[in-house]
Amino acid sequence: MKTIIKNTFATLLLLSLSSTLAQTISGRVNTIDNNPLESANAVINGTTISTTTDKNGDFTIDTQGKLPITLSIQYTGYKTEKIYLTAIPSTPLTILLKEDNQLAEVVISSRRKIEKAQNVPIPISVVSGKQAEQAGAFNVNRIKELIPSVQLYSSNPRNTGINIRSLGSPFGLTNDGIDPGVGFYVDGVYYARPAATTLDFVDISQIEVLRGPQGTLFGKNTTAGAFNITTRKPSFIPGANFEVSYGNYTFLQAKASVTGGLTKKIAGRISFSGTQRDGLIDNVATGKSTNTLNNLGIKGQLLYTPTANTNVLFSADVTTQRPDGYAQVIAGVAPTQRAAYRQFNQIIADLNYQLPSTNPFDRKIDHDTPWRSGQDLGGASLNIDTKIGEGTLTSTTAWRFWNWDPSNDRDFTGLQVLAKSQNPTRQTQFTQEIRYAGQIASNISAVGGIFFIDQNSHTTGTEESGNAQWRFSQSTTSSKWATPGLFEGYGINTDASIHAVSAAIFGQLDWTISEKLHLLPGVRYNYDKKDATYNRSTYGGLQTNDPELIALKKLVYSDQNFAKNTDATDFSGNLTLSYKPTDRVNTYATYAKSYKPVGVNVAGLPTVNGQPALDLAVIKPERVNHYEIGAKTTPFNNTIFNITFFNTDITDYQTNVQAAELGVNRGYLANADKVRVRGAEVDFSVTINSHFSINGAATYTDGKYIKFINAPLPLEETGASISFKDVSGTSLPGVSKWAGSLGGEYTKDAKLFGNLGKFFVGLDAYSRSEFSSSPSASKYLIVPGYAIFNGRLGFRVAEGLSAHIWGRNLFNKDYFEQLLPAGGNAGHYAGVLGDQRTYGITLKYTL
């Protein structure tokens with residue numbers, strides 16, 4: 001990868017020398033005492049065009065041919081200045097900002113217009129690209145450390161679930177047959193599969209995380225929230241930045257981005273990211289480390305501005321990931337209610353096997369089946385924005401793909417229990433969204449549109465037994481289980497596919513009843529259709545006519561096939577009342593009725609009397625009723641304090657069940673009758689002075705099954721005389737009662753190699769309390785609470801060389817991110833380990 005990085009950097013450096021013809025405005029932002037204001041926002045009203053000032057208070061903004069314009073200059077604790085321009089000024093502007101009570105530091109585009117986050121009656125967290133880079137948050141898994149309402153669980157990219165307020169995806173192993181409840185959008189394009197969230201961020205401008213149902217603002221229905229990620233767009237102003245990081249475990253990450261004008265009306269941008277790292281877990285059987293990183297991503301964009309009122313943006317990207325990982329270590333053994341000879345410790349004793357370590361944080365495995373988590377993902381999109389009347393009409397057309405090529409050791413041991421476990425998948429999607437956002441009356445603005453997605457997912461899997469399978473599957477004392485070769489090479493080939501279509505009409509109004517009072521109604525009509533086929537056939541093992549031996553083989557794997565098609569419609573919506581009694585306080589109350597589409601099972605069904613339980617093939621839609629009240633406040637200058645209380649009731653909650661049957665790969669989906677999640681969130685930020693700032697967030701979440709009478713048995717109750725359990729009143733999996741983050745940064749003017757900039761030192765902490773890691777609460781599958789600390793120290797400039805050293809998990813805390821039982825529920829369970837202490841240095845050069 002180092003050669004690829006080197007060649008890419010050389011190419012990008014040549015591209016950075018391009019020149020441009022552009023209509024740009026330059027200026028300087030100072031206080032009334034003529035002190036420069038760094039990181040002030042310069043925004044062209046009615047567009048998504050914005051920039052920030054450098055250390056000298058200087059900015060340059062590309063009008064993209066839009067004249068006349070209104071230019072707004074915003075900064076924390078200062079009154080916003082608006083400048084109306086009918087022509088490009090011949091000299092740089094000088095703007096003086098006066099102190100004011102209004103805090104206007106963060107602007108967002110989630111409601112399809114540039115506006116201050118504090119004015120939006122939605123609980124929303126914003127992480128800038130700069131913040132993410134300095135915190136080392138190069139993917140969503142690390143963003144959760146900055147936003148405690150976000151949870152991400154991933155035992156590998158496919159088995160990734162992203163939740164907000166503990167809702168969104170069923171906890172545990174992913175099933176392709178349902179839709180995620182958290183929308184994931186990059187530059188307006190919806191990414192349908194959760195695996196896409198594991199990609200490295202490339203040239204990120206801003207990450208907005210909206211909490212609560214958002215089906216009236218975004219194309220795809222979202223019951224728990226949405227990630228709205230924007231990347232840096234092409235600019236007619238030439239620019240480039242190059243970044244390289246090096247750390248322990250041979251961590252190497254390189255990023256680069258080059259932009260500039262190609263013609264008077266066409267600008268381009270190309271961005272690159274590459275990450276590699278040695279493994280964090282030692283495989284004592286192979287003598288090599290595993291759980292490596294090996295990622296490459298590239299994105300290209302072309303911006304065409306045919307007229308002053310129209311922008312056309314073409315984007316294409318591709319990411320490849322070839323890690324040797326995501327191996328899990330055995331975290332412990334639970335005694336089950338099976339007979340003594342069926343307990344894990346007795347089984348491995350009979351096979352003369354010992355675990356390489358009984359302490360999972362020794363980070364040692366002896367897995368005999370290679371771990372492979374290869375994936376390719378990418379796509380192309382065409383976005384057209386054109387101004388019509390007092391608003392903007394947007395068309396977003398996109399095609400994306402995801403290819404998954406795995407290999408797993410699902411028994412987590414050095415024994416040949418499962419010799420193969422691999423389910424390669426190819427998913428493709430086509431989406432089209434047409435949306436209008438703007439002022440439709442003097443006191444009413446609106447967002448409305450139509451959305452369509454067509455996606456196909458096709459899995460061709462193989463699971464095969466090894467020479468130790470007989471002992472793990474043995475369920476009677478018959479000596480025939482030990483028949484030589486009976487199960488060795490015995491397996492299943494699976495061919496499963498889903499064709500899903502979804503279409504929707506959605507819209508939301510913002511009615512200004514008075515200067516202080518707004519009413520925001522929203523509606524959505526949704527249609528969803530899914531066609532699924534599942535075909536599984538057995539092969540191999542001992543070829544015999546003995547009916548007893550054939551019956552034993554069928555107890556492990558059996559043929560199974562079914563076809564299901566289902567569709568559903570739904571009418572949903574929300575109503576928000578926003579009241580701003582003073583300039584420092586913005587309150588709101590929301591009711592939302594939301595919907596998560598019908599699901600289908602395509603990873604195998606549990607059997608009843610040898611036959612698949614076809615009544616589980618189709619999963620009913622989730623019905624959501626959500627209530628929320630909150631306040632966004634600016635109690636003092638340069639201070640933000642926000643608080644939200646929420647309650648979400650879900651009927652027919654879609655949950656994932658880990659079955660004891662090996663043939664039910666990755667578990668199966670089921671409906672829990674009723675679930676409730678309620679809690680509170682606070683977030684704050686304080687700029688104490690020109691040198692020191694702090695920020696933090698905390699969330700309390702109480703998530704329970706109100707009614708779930710046919711839940712799966714906990715791991716320790718496997719083998720009981722009953723098959724299901726009433727877990728009503730118990731906690732939902734993945735829900736920590738408490739989670740929080742706290743960070744602070746100290747800066748001071750400094751000079752490095754003749755460049756004026758800022759010295760900085762920062763520390764961030766993230767913690768969460770214990771949570772259940774099982775759909776039915778198990779005392780063995782409780783992940784203990786933990787806290788981790790990350791730090792950074794360095795020097796940064798707007799242009800030139802910046803450098804900083806960083807450390808993650810500074811106190812080398814041992815912690816689990818997830819616990820999960822091994823296939824077959826023999827009693828042993830594995831852990832997804834959090835990374836140990838890592839550290840390194842980052843150099844960045846900006847032109």
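Let's start with Ile 805, which sits in strand S50, residues 800–808; strands here are DSSP runs of E, at least two residues, helices are runs of H or I, at least four, and both are numbered from the N terminus. Ile 805 is partly exposed, because its relative accessible area is 44%, and the scale is: buried under 20%, exposed over 50%, partly exposed in between, with a 1.4 Å probe and protein chains only.

Before I go on, this is a predicted model, so local features need pLDDT of at least 70 and side-chain atom pairs count only at pLDDT 80 or more, while totals for chains, interfaces and linings use all residues. Residues are numbered from 1 along each chain as its sequence is written, and side-chain values use heavy atoms, with hydrogens and water left out.

Okay, the patch. Ile 805 belongs to a nonpolar surface patch of about 880 Å², along with residues including Phe 692, Tyr 746 and Leu 793. Patch residues have over 30% relative accessible area and no salt bridge; nonpolar side chains (Val, Leu, Ile, Met, Phe, Trp, Tyr) are joined within 5 Å, and like charges within 9 Å. The areas come from Shrake-Rupley with a 1.4 Å probe, and for residues only the protein chains shown count as cover. Strands S17 (239–247), S46 (755–768) and S53 (838–846) each put at least two residues into this patch.

Now, salt bridges. Side chains of opposite charge can pair when their charged atoms come close. The cut-off is a side-chain nitrogen of Lys or Arg within 4 Å of a carboxyl oxygen of Asp or Glu. The whole structure has 35 of them.

Take Asp 187 and Lys 299, at 2.7 Å, N to O. Asp 187 is in the loop between S13 (182–186) and S14 (189–190) and Lys 299 is in S22, so this pair ties together parts 112 residues apart in sequence. Asp 187 is buried at 16% relative accessible area, and Lys 299 is buried at 12%.

What does Glu 681 form a salt bridge with? The partner is Arg 211, with the closest N and O atoms 2.9 Å apart. That pair links distant parts of the chain, Glu 681 in strand S41 (residues 668–687) and Arg 211 in S15, 470 residues apart. Glu 681 is buried at 3% relative accessibility, and Arg 211 is buried at 4%.

Those two also belong to a salt-bridge network with Arg 165 and Glu 628. Arg 165 is in the loop between S12 (160–164) and S13, and its phi is near 55°, positive in a residue other than glycine. Arg 165 counts as buried, at 4% relative accessibility.

Last stop, the largest cavity, with a volume of about 730 Å³. Of its 39 lining residues, the closest to the centre are Asn 141, Arg 277, Tyr 326, Glu 817 and Asp 835. A cavity here is a set of points, on a 1 Å grid over the protein atoms alone, where a 1.4 Å probe fits but cannot get out, and lining residues have an atom within 4 Å of a point. Points are joined across faces, edges and corners, and the volume is the space filled by probe spheres set on them. The lining divides into 13 nonpolar, 18 polar and eight charged residues.

How values were computed: On a 1 Å grid over the protein atoms alone, a cavity is a set of points where a 1.4 Å probe fits but cannot get out, and a pocket is an open set with protein on both sides within 12 Å along at least five of seven lines; lining residues have an atom within 4 Å of a point. Ala, Val, Leu, Ile, Met, Phe, Trp, Tyr, Cys and Pro count as nonpolar, Asp, Glu, Lys and Arg as charged, and the others, Gly among them, as polar.
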